[in-house]
Amino acid sequence: MENSEGVKIESTVVTEEPLISALDIALFVVIITVAYFWYFKRDKQSSSSEKKPYTIQPSSLSSIEQTSNSSFIKKLKSTGRSLVVFYGSQTGTAEEFAGRIAKEGARYKMKGMVADPEECDMADLVEMKEIQKSLAIFCIATYGEGDPTDNAMDFYEWLQNGDADLEGLNYAVFGLGNKTYEHYNEIAIYIDQRLEELGATRVHEIGLGDDDANIEDDFVSWKEKLWESVCSHYGIEETGEESNIRQYKLVDCSEVLPERIFSGEISRLKSYENQRFPFDVKNPYLSKIAVNRELHKSGDRSCMHIEFDIDGSKMRYDTGDHVAVYPKNSSELVDKIGELLNADLDAVFSLLNTDEESSKKHPFPCPCTYRTALTYYLDITSNPRTHIMKELIEYASDPKDQEKLKLMASSTPEGKKEFHEWILRDNRNIVHILEDLPSVKPDLDHLCELLPRLQCRYYSISSSPKVYPKSIHITAVLVNYTTSTNRVNKGVATNLLAQLIPTNDELPQPTIPIYIRRSQFRLPPKSQTPIIMIGPGTGLAPFRGFIQERDYARKEGREIGEMVLYFGCRKKDEDFIYENELQEYVANGTLTKLHLAFSRDQPEKKYVTHLLEQNADELWNIIGEKSGHLYVCGDARSMAKDVHSIIVKVVMEKGQMTNSQALNYVKKMEQQKRYSADVWS
């Protein structure tokens with residue numbers, strides 16, 4: 001015990017107690033139990049979180065061989081190569097560009113290889129100087145809010161946190177970005193500057209590709225000048241060889257057992273029959289479509305409300321996240337390719353990389369049928385790039401078709417114009433090209449090698465896990481449009497989703513592969529923080545989840561801040577989606593204000609940006625005086641830019657700041673995550 005001065009005094013009363021009391025035994029049991037669960041839980045977590053290399057077929061490599069595979073330097077040295085092209089790719093374009101550069105290296109006596117930085121020990125860059133006339137090229141995409149791609153994240157962090165001596169490393173960087181986004185090519189620019197800071201030598205100036213314009217043209221123009229710089233830097237000359245070297249060789253798999261043939265799985269064979277957690281980009285979850293209903297009340301356009309069932313999947317999502325949907329091409333287009341090339345689409349084949357050292361043995365899961373490849377793995381609806389035009393030349397039997405392809409594959413002003421008008425403006429895909437140039441009959445296996453991979457489509461989740469923990473909701477507009485050649489082009493994912501209608505009987509419900517991609521688009525940590533949401537059209541999607549979450553908190557008795565929503569569409573009686581839900585949230589007080597703009601319900605068009613300008617006082621009150629958060633979702637090309645300009649103007653006028661001060665204020669809001677955008681172009 002203690003006296004009044006806090007000094008401990010020993011008690012004079014002595015009692016005899018057993019050596020080990022009941023309390024001691026109880027404490028001992030608790031400690032042993034906690035230690036047991038801690039040890040086995042840690043062991044289980046470490047084994048489950050261990051990253052495994054992505055392989056199409058079961059790997060026969062030993063652990064030692066797998067470790068050595070991370071050393072790209074050893075591969076370069078053992079195979080007499082001097083060029084390595086790294087890619088940071090989210091959709092496959094950067095990887096495609098990297099492959100084209102590595103392939104062209106042979107024309108300059110630089111044998112090249114393509115490398116995924118996620119699979120390499122990037123610290124080995126310090127050893128590049130040991131290889132004579134070596135060169136490292138980086139094709140790096142920026143996505144999201146100035147984020148590196150998933151496979152380039154570790155490399156990006158290594159550059160940020162490390163101080164390696166890269167003297168003797170020769171490099172060049174090409175960035176893939178989109179000017180409609182604020183952080184245009186931010187990652188490529190950083191990598192280019194950081195490599196120089198660490199002592200590396202820039203062989204050619206950075207190239208910045210703009211996907212909002214013509215990224216193919218940007219890449220080809222940069223690539224041509226790159227090789228000029230390479231020749232000058234190393235004192236070498238182009239060999240002039242223009243041979244189209246195949247990267248993959250055809251393997252007949254007609255004798256392969258049916259159970260060893262892929263039928264649409266992304267990586268693991270039979271993964272849709274035997275689903276295993278965790279689900280991610282290489283292991284999607286086959287989700288049932290629980291609800292698929294039309295949101296538009298009338299008109300010739302369609303907007304779908306779709307709910308994916310994730311009950312039992314162990315998948316968790318947060319409000320503001322995205323869901324990735326794996327589509328498949330229409331059977332009509334696939335059959336058309338088979339008809340045009342007179343090919344047996346049900347023949348089983350495999351494409352095997354001719355480079356034995358490459359970590360990428362196949363361009364997509366093999367073996368499979370041509371029908372499977374064209375349906376699930378290959379993009380047959382986008383505009384082909386110029387290198388495909390070049391590869392098709394040898395298959396044209398008509399001289400006119402040959403000349404047209406040669407022109408579009410060239411980098412001359414006339415060639416670029418023809419490619420832009422005939423491919424891009426007229427929106428031709430590979431099926432249209434084969435139809436309009438009937439003498440072009442490529443080998444189907446070569447075409448499968450040339451076409452890019454079919455990519456998953458991302459949608460903002462329009463539900464809250466607090467309210468819907470067992471389902472994911474999306475809001476998707478059906479994409480259909482007529483081209484200048486009077487062809488109807490259809491969105492791959494939305495047209496597939498439109499066909500997946502759940503039934504009320506006991507028949508198997510329609511399914512589609514999905515996975516969850518995390519986002520930084522988040523509600524404020526405190527439910528009392530006021531927010532403004534700007535989301536015309538399907539830009540409303542994540543805000544539906546935001547409102548649901550705040551409504552859930554209100555019903556729990558928690559205080560919630562002001563919620564102001566700006567929503568716009570064409571006509572109130574046609575495409576005012578979720579109207580009844582929104583009006584109910586206004587009525588119960590969850591949604592403080594609902595500002596509506598129906599652009600075509602009056603002679604002069606009216607947009608959400610007009611309403612923002614009219615409500616400058618309210619806007620400043622929330623983001624300026626109350627330090628609230630502002631969110632924008634929708635079109636990046638015009639709407640998001642206009643909103644940004646209006647915000648800066650309001651901050652200037654209501655906050656009594658100069659233009660420079662207002663820009664800094666808005667920039668600080670972005671850095672503090674008080675101004676967030678989830679936009680697309």
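Author: The structure holds 42 salt bridges. The model is a predicted one, and every value below is computed from it.

Start with one pair. The side chains of E391 and K103 meet in a salt bridge, with 2.8 Å from N to O. E391 lies in helix α10 (residues 386-392) and K103 in helix α4 (residues 93-104), so this pair ties together parts that are 288 residues apart in sequence. How covered are the two partners? Buried means under 20% relative accessible area. E391 has 6% relative accessibility and therefore counts as buried. K103 has 33%, so K103 counts as partly exposed.

The next pair is E449 and R246, whose side chains meet in a salt bridge at 2.6 Å, N to O. E449 belongs to helix α14 (residues 444-450), while R246 sits in the loop between α7 (215-234) and β8 (248-252), so the pair ties together parts that are 203 residues apart in sequence. At 13% relative accessibility, E449 counts as buried. R246 is partly exposed, with a relative accessible area of 23%.

Now turn to charges on the surface. E118, E119, D150, D154 and E157 gather there in a patch of negative charge. Take D150 as the example. D150 is found in the loop between β4 (147-148) and α5 (153-161). D150 has 44% relative accessibility, so D150 counts as partly exposed.

There is a patch of positive charge too. R570, K571, R600 and K605 form a positive surface patch. Of these residues, consider K605, which is found in the loop between β21 (593-598) and α19 (608-614). K605 is partly exposed, with a relative accessible area of 46%.

For contrast, take a strand. Strand β5 (residues 170-177) is mostly covered, with 8 of its 8 residues buried. Look at its two faces in turn. On one side lie N170, A172, F174 and L176, and on the other Y171, V173, G175 and G177; both faces are covered, as all of these residues are buried.

What does β5 pair with? Strand β3 (residues 135-143) and β5 pair in the parallel sense over 6 bridges. Within this pairing, Y171 in β5 is the bridge partner of A136. Strand β5 is also joined to strand β6 (residues 201-202) by 2 bridges, and these two strands run parallel. Here the bridge partner of N170 is T201 in β6.

Technical notes: Residues numbered from 1 in each chain as written. Predicted model: local features only at pLDDT ≥ 70, side-chain atom pairs only at ≥ 80, totals over all residues. Heavy atoms only, no water. Patch = residues over 30% accessible without salt bridge, like charges linked within 9 Å, V, L, I, M, F, W, Y side chains within 5 Å. Areas by Shrake-Rupley, 256 points an atom, 1.4 Å probe, with all protein chains shown as cover. Salt bridge = Lys/Arg side-chain N within 4 Å of Asp/Glu carboxyl O. Lys, Arg positive; Asp, Glu negative; His and termini not counted. Charge placed at Lys NZ, Arg CZ, Asp CG, Glu CD. Helix = DSSP H or I, 4+ residues; strand = E, 2+ residues; numbered from the N terminus. Buried < 20%, exposed > 50% of the residue type's maximum accessible area, 1.4 Å probe, protein only. Pairing = 2+ DSSP bridges.
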